[in-house]
Amino acid sequence: MQKIIFYAGIFLLTLISKGMAQENSFEGRAKLISKRIDSIVKAEKEALKEQVYIIDKNLEEGIINKSEAMNLKQKAADDSAKAIEEKVSLEQQKLEILIQDKINGLVQYDTVKKRSGTTIIIGSSTDSISDVTEINLGSFKIYNGEKEKIRRKSKRTTSQFVFAGGLNNLITEGEDFENSDFRVWGSHFYEWGLTYNTRIFDNNNLLHAKYGFSVMYNNLRPTENRYFVKNGAQTELQTGVVDFNESRIRNVYLVAPLHLEFDFTPKKTNKDGKTYFRTHESFRLGLGGYGGVRIKTKQILKYEIDDTKIKDKQKGDFNMSNYIYGLSAYLGYRQTSIYVKYDLNPVFKNNVVDQNNISLGVRFDFN
């Protein structure tokens, strides 16, 4: 359901961006002026028609004579024509300004598709490119003018929204990963958070410190119809007495990741010959780790008894470690990377055999 809402939101934003783009293009603004002129003429004609109807009714009831009715109709027609002329004249002036701005290159064009996302341009017909507002849906950023866009994008410290997801499993001491107690394709992890990216050297764009906060969700689905059972200080897998449609345990952590990021985006030069730096526009490599605390553990069991569907949610610590720390790395291009993380601490505090969580997936850094 959450994925449906997410994609529906993206679809709605795309429609809005297309509509706003059309309205801000030369053709779109000219079309709006034409529609307003049509609306003015239509409204005045309807008003005149209503006045004529009232005059005819007064004539029929003997309130006024035929000569008075003719004079009143003529006056109403003249007033209506004058109102149309005045209102349409204002719209024609707007059209003339729009045409002149088109000639001078001051009119913004349709929405453009950038590699970082869809851009919406908002501005009046008299705005230059330095005055318009730009909304970038891909990076969740709003820029008030081209100068601010360059200044903010070349800042030494920038911020990113991070989302990652992929496969999750446990490495058990003394056992092969192929014989894992957990489903390889059924166990997943998710991560989302906010990070900051600071360029370490003032005049070199290669090295960056990347830090922030994230929420991690590590899900494990046992094989062979098993589930987790807390047995004193030990937590073990036991076979269920019913057939599970789903058996899953989820740990949620609040962590602080820290990476040394190598960003190979080259430096750029503006029209004034001034050098500035961008990030997330080329290959990137991040090496580092994370540390944090466990904030929730929940086991979910789904099964049927006598055609009755049952969903059992069990909350507790299940002897899980209260803290988490590990190593992580990512390698990718622009905002998309392959992401791997490994917990150095065991998942369970007191189990005889240590088991460490490992995750592999895709990471997105929306700059």
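Two strands count as paired if DSSP finds at least two bridges between them. Helices (H or I, at least four residues) and strands (E, at least two) are DSSP runs, numbered from the N terminus. The model shown is predicted: local features need pLDDT of at least 70 and side-chain atom pairs count only at pLDDT 80 or more, while totals for chains, interfaces and linings use all residues. Residues are numbered from 1 along each chain as its sequence is written, and side-chain values use heavy atoms, with hydrogens and water left out.

**View 1. Strands E15 and E16 pair and form a hairpin.** Let's begin with E15 (residues 323-333) and E16 (residues 336-343). These strands run antiparallel and are joined by eight bridges. Look for Tyr330, which stands opposite Tyr339 in E16. Two residues lie between the strands of this hairpin, where Arg334 takes a positive phi near 55°.

**View 2. Strand E13 pairs with E15.** Here, E13 (283-305) meets E15 in the antiparallel sense, over eleven bridges. Val293 has its place in E13 and stands opposite Tyr323 in E15. At 33% relative accessibility, Val293 counts as partly exposed (buried means under 20% relative accessible area, exposed over 50%, and partly exposed in between, with a 1.4 Å probe and protein chains only).

**View 3. Val293 and Tyr323 belong to a nonpolar surface patch.** Patches are made of residues with over 30% relative accessible area and no salt bridge: like charges are joined within 9 Å, nonpolar side chains (Val, Leu, Ile, Met, Phe, Trp, Tyr) within 5 Å. A salt bridge is a side-chain nitrogen of Lys or Arg within 4 Å of a carboxyl oxygen of Asp or Glu.

**View 4. His280 and Asp306 both have a positive phi.** His280 sits in the loop between strands E12 (275-276) and E13, with phi near 60°. Because its relative accessibility is 5%, His280 counts as buried. Asp306, in the loop between E13 and E14 (308-315), has phi of about 55° and counts as exposed at 72% relative accessibility.

**View 5. Ser187 is a buried loop residue.** Finally, visit the loop between E5 (157-172) and E6 (188-201), where Ser187 is found. Its relative accessibility is 0%. A polar atom of the Ser187 side chain lies 2.9 Å from the backbone oxygen of Arg183, and one lies 3.0 Å from the backbone nitrogen of Arg221. Ser187 and Leu167 are 20 residues apart in sequence, yet their C-alpha atoms are 5.9 Å apart in space.

Terms used
Areas by Shrake-Rupley, 256 points an atom, 1.4 Å probe, with all protein chains shown as cover. Polar contact = N/O pair within 3.5 Å; in protein donor to acceptor, adjacent residues only side chain to side chain.
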